[in-house]
Amino acid sequence: MEKRMSTKIVKLRREMPDDYNYNEAIKTLRTNIQFCGSNIRTILLTSSLPDEGKSDISFALAESLAQIGKKTILIDADIRKSVLVARYQLETEVAGLSQYLSGQKALEDVIYETNEENLSVIFAGPYSPNPAELLEEELCGRMFEALKSYYDYIIVDTPPMANLIDGAIVASHCDGAVIVIESGAISYRLEQRVKGQLEKSGCRILGVVLNKVNIHSRNYYGKYGRYGRYKRYDGYHEYGGEKEKT
């Protein structure tokens, strides 16, 4: 019998709208990531600013991979301002990444299986006043190596990268990165800054998700065109994560 990395189980509860376009876009994202190659298994999702939808897409992608039988773990690496615990209405207190990186918990103590088959989670843990320093710890690299030996995919949700270095630190441990962009809200210059940070970390940029697109708007195709310069830079793929704004 295969050894499990964790015997702790948490129930994630969140009612998501049955949005056909959104669900199909997530499946497309999943498929395109698989076509990036069998060596692309640790994937970072980031954005420029808060509230662009990065955490929702990270979870949806991890869940989608788990649904096709891929053993997947989602890491909430936003030690500064995590939303995962509140968003998924956990009924019990959980340990998390900040406690592991500070030496308070062992790795197996912060891994939780969920009520979603094949999906495990490492939560962010308590707020840390020095998250960048924690992420630079040798323990962080050891964690990724240990997880790679057990999981098919590791999805990492990082803080926005416009003004924080945390995401670039984590990116050095990842095989590829996907940038989430809120349609019509982010400037080209800001996205170039994030792109530059990821490139300096040595992490391959897989593409972008254009999020919160109002597909019923008369200007839908015009808005999409504004991000045409991001579609295929340096030969990378572009993923269209289309979600109607509510």
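1. Helix α1 (residues 20-35) and helix α2 (residues 54-67) have axes that come within 9 Å and cross at roughly 70 degrees. Axes are lines fitted to C-alpha atoms, for helices over the stretch in contact, with angles from 0 to 180 degrees between N-to-C directions. The two helices are therefore roughly perpendicular, a term for angles of 65 to 115 degrees. Helices are DSSP runs of H or I with at least four residues, strands runs of E with at least two, numbered from the N terminus.

2. The model is predicted: local features need pLDDT of at least 70 and side-chain atom pairs pLDDT 80 or more, whereas totals for chains, interfaces and linings use all residues. Residues are numbered from 1 along each chain as its sequence is written, and side-chain values use heavy atoms, without hydrogens and water.

3. In contact (heavy atoms within 4.5 Å), Y22, I26, K27, L29, R30 and I33 of α1 meet D56, I57, A60, L61, S64 and L65 of α2.

4. The whole structure contains zero disulfides, a disulfide being a pair of cysteine sulfur atoms within 2.5 Å. For C140, the nearest cysteine sulfur is that of C174, 8.5 Å away. The sulfur of C203 is 5.6 Å from its closest counterpart, also in C174, and this is too far for a bond. C140 is buried at a relative accessible area of 1%, and C203 is buried at 4%; buried means under 20% (1.4 Å probe, protein chains only).

5. I181 lies in strand β7 (residues 176-182) and is buried, with a relative accessible area of 1%. I181 and K212 are 31 residues apart in sequence, with 8.5 Å between their C-alpha atoms.

Key
Buried means under 20% relative accessible area, exposed over 50%, partly exposed in between (1.4 Å probe, protein chains only). Angles under 35 degrees count as roughly parallel, over 145 as roughly antiparallel, 65 to 115 as roughly perpendicular and the rest as oblique.
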